[in-house]
Amino acid sequence: RRVLFRSVSRLAALINEAQSAPIQMINSGIGGDEISPRSAYYDQLAKVSAKGRYQRHVVDHNPDLVLVSYGVNDSMSGTPVEVFLDDLRYVALDIRERTRALVMILDAYLVKDFHRYPPGVNGSVASLMAYNCAMKRMAEECDMLFVDVFGAYSMAPWAVDEDGVHPNNLGHTLVANRVFEVLAQNCSCLVQKAL
């Protein structure tokens, strides 16, 4: 997934610096992906969804840690928050139950140009913030770690790529650092010799 590809490799590097043995990082993200076929504009976009592929792309790898990063495409296409949240909760809980992995919910990152890519005309900073508040509540209710990626940007538009949507190099660094910070604050296994 273009959105988090560089973030994922940077996060892996940060984790590998802290541990005595390297991790195997698998990036199963797909650009344009939405949470489910119930998402608005599902048929007009990439016709892929988390619900349709998480078994093959996540569960089958039997991971120890799973980062779930959705919300931007669903928000921009106008999927109601309640629909998005129901399907996000289903996917995240099922992944955790079937793999026993630590599941982290990453909120939607900052976007500065919602109108460049159809059907992004439904997106706005306010809609991203509504999604993010709902994701934070869901993560707390489900006892999952929540990563405030949006807050890492601190509304800095210079961390967004020229395309107006995706993180640039600085944005990817902010995302990776924020995820690593939450992991480090909550997981003693990140130290060189696990406690």
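Reader: Which residues in α2 meet which residues in α4?

Author: This is a predicted model, where local features need pLDDT of at least 70, side-chain atom pairs count only at pLDDT 80 or more, and totals for chains, interfaces and linings use all residues. Residues are numbered from 1 along each chain as its sequence is written, and side-chain values use heavy atoms, leaving out hydrogens and water. Contact means heavy atoms within 4.5 Å. From α2, Ala50, Lys51, Tyr54 and Gln55 meet Asp87, Tyr90, Val91, Asp94, Ile95 and Arg98 of α4. These residues divide into five nonpolar, one polar and four charged (Ala, Val, Leu, Ile, Met, Phe, Trp, Tyr, Cys and Pro are nonpolar; Asp, Glu, Lys and Arg are charged; the others, Gly among them, are polar).

Reader: How is the packing of two helices described?

Author: By the angle between their axes and the distance between the axes. Here the axes of α2 (residues 50-57) and α4 come within 10 Å and cross at roughly 15°. The two helices are therefore roughly parallel (angles under 35 degrees, on a scale from 0 to 180 degrees between N-to-C directions).

Reader: Is Thr99 buried or exposed?

Author: Buried means under 20% relative accessible area, with a 1.4 Å probe and protein chains only. Thr99 has 8% relative accessibility, so Thr99 counts as buried. Thr99 lies in α4 (residues 81-99). Leaving out residues up to four places away in sequence, Thr99 touches Val59, Asn62 and Pro63.

Reader: Which backbone atoms lie by a polar atom of the Thr99 side chain?

Author: The backbone oxygen of Ile95 lies 2.6 Å from a polar atom of that side chain. For the backbone nitrogen of Ala101, the distance to a polar atom of the Thr99 side chain is 3.1 Å.

Conventions. Helices (H or I, at least four residues) and strands (E, at least two) are DSSP runs, numbered from the N terminus. Buried means under 20% relative accessible area, exposed over 50%, partly exposed in between (1.4 Å probe, protein chains only). A polar contact is a pair of N or O atoms within 3.5 Å; within protein, one must be able to donate a hydrogen and the other to accept it, and residues adjacent in sequence count only if both atoms are side-chain atoms. Angles under 35 degrees count as roughly parallel, over 145 as roughly antiparallel, 65 to 115 as roughly perpendicular and the rest as oblique.
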